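The structure is shown first.

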Amino acid sequence: MSRSLVTVDALVVGAGPAGLAAATALKLGGTGTVLVVDREEEAGGIPRLCEHTGFGLRDLRRVLSGPEYARRWVERAVACGVEIRTRTMVTGWAAPGRAEMTGPSGVLEIDARTIVLATGARERPRAARLVPGTRPSGIFTTGQLQQWVHREHLPVGRRAVVVGAEHVSYSAVMTLRHAGVHPVALVTDLPRPQSYRLFDLLVRVGLRVPVWTRTSVAGVYGRDRVDEVLVRGPDGDERSVAVDTVVFTGDFIPDNELARLAGLSIDPGTRGPACAAGGATTAPGIFAAGNLVHPAETADVAARRALSVGRAAATWLRQGGDRTMPGATERVRVADPLHWVVPNMVDPARAGDESVLIRSRVFLDHPHVVVTQGHRLLASYRLRHMIPNRSHHIPSDWWGRLRPGQDVLISVSPRPGG
Ligand SMILES: Cc1cc2nc3c(=O)[nH]c(=O)nc-3n(C[C@H](O)[C@H](O)[C@H](O)COP(=O)(O)OP(=O)(O)OC[C@H]3O[C@@H](n4cnc5c(N)ncnc54)[C@H](O)[C@@H]3O)c2cc1C
């Protein structure tokens, strides 16, 4: 079968906030042709389906609904001269720098001098969480629920359990309420909810939806439709909750298939492509941005950090775009109970101008964060607390003191907070 071949200076895969921001920065950085492709009907990524407000504070300096926020980023990118093609899915690589894709006009290949992967992250569905039971209908992730409610306008159910108590879990509660479903409880195996105190108060006190902590879902049952969820409480006792809907929220995993197919090294913590400051991956000329590399931040954080990825990619192109140059090699690792760090590679050619994001698997009060390279202490910081499923920022000023040839380790001396 004959394939059309298109040549561009920069190809961005994914038209979510991160892809659109990276494309905008590439164009503003003097890059010639910048093409963004997305498999969906419309550009804008996840926010297109989030009807609620809460988007844009840190990047657009206003608080917008998801669809309005998505529209603004699309308009910005297009105004800068970025071309966007929707209903176009990248399926693999014909050669380094040449993407294979299918779109409305068939199969095509795009040859790009630089590529930014911004394919986002998705919530782990029930099957991946290994929850036993039967396979009835009425089981969603928050993303699927939003699609169901806001896009398809389909009825959901009457009573639901929300699995998780992180930011996105509260979004699920709002969507359920919008759809006329009673959220019976949020269930988390952690000792406390992980979102903002305000969200927690609004839901627990305002909407009277309890959060069952130290509690896990031990089974989901029903014949055609869910009729029972089995929950296991702090003392190990199991009890049955009568619901017809279960929403598995959070627990994000990067959409890393294209990164793997490109042979990029994958970070063991984030499960996204390992990347240095500015999104440089282990393959020169391929950059990564957004929730693909930090699963998952809010949209404004994803977009802001992607701007610096776009700038770094534009600089790389201006400097000649040499793919034979070695990519980043040394790692930034974390020690337990830390979960992940971004950036997680050291690019000797580039110091970080963004903060370093770190996450913990457990609640920590006043942790002492220590950055070392071999026996050298590079920096130490005292944080107020660390909360699982939320990133904490530490400065990147130690980046300039790194020596080539050795990995960096970030650890904490915690006082466990429960
Ligand atoms: C339910 C929910 C509620 C949220 N609420 C808020 C909120 O109130 N405020 C806030 O700031 N943030 C919120 N977020 C987070 C926000 O949506 C994300 O931070 C943001 O969308 C991340 O942007 P991104 O560009 O990295 O990824 P995405 O928005 O996920 O975009 C990735 C894009 O890549 C495309 N893609 C993937 N693979 C391919 C491929 N092979 N070929 C072509 N295209 C591809 C996808 O179609 C998608 O459009 C919420 C998230 C969820 C799930």
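The chain is assigned domain 1 (1–122 + 252–328), domain 2 (125–250) and domain 3 (330–418), with bounds from an automatic or database domain assignment. The model is predicted: local features need pLDDT of at least 70 and side-chain atom pairs count only at pLDDT 80 or more, while totals for chains, interfaces and linings use all residues. Residues are numbered from 1 along each chain as its sequence is written.

**Domains 1 and 3**
- The centres of domain 1 and domain 3, taken over C-alpha atoms, are 26 Å apart.
- Contact (C-beta atoms, placed from the backbone, within 7 Å) involves 16 residues of domain 1 and 19 residues of domain 3.
- The domain 1 side of this contact has 8 nonpolar, 5 polar and 3 charged residues; nonpolar means Ala, Val, Leu, Ile, Met, Phe, Trp, Tyr, Cys and Pro, charged means Asp, Glu, Lys and Arg, and the others, Gly among them, are polar.

**Ligand shell**
- Among the 37 residues around the ligand, Gly14, Gly16, Gly45, Gly120 and Gly290 come nearest, a residue being near if its C-beta atom, placed from the backbone, lies within 6 Å.
- By class, the shell around the ligand has 17 nonpolar, 14 polar and 6 charged residues.
- Domain 1 and domain 2 each give at least three residues to the shell around the ligand.

- Pro17, Leu20, Ala21, Ala23 and Thr24 of α1 make the contact with Trp73, Val74, Arg76 and Ala77 of α2, helices being DSSP runs (H or I, at least four residues) numbered from the N terminus.
- The residues of the contact of α1 with α2 comprise 7 nonpolar, 1 polar and 1 charged.

Terms used:
Contact = placed C-beta atoms within 7 Å. Helix = DSSP H or I, 4+ residues; strand = E, 2+ residues; numbered from the N terminus.
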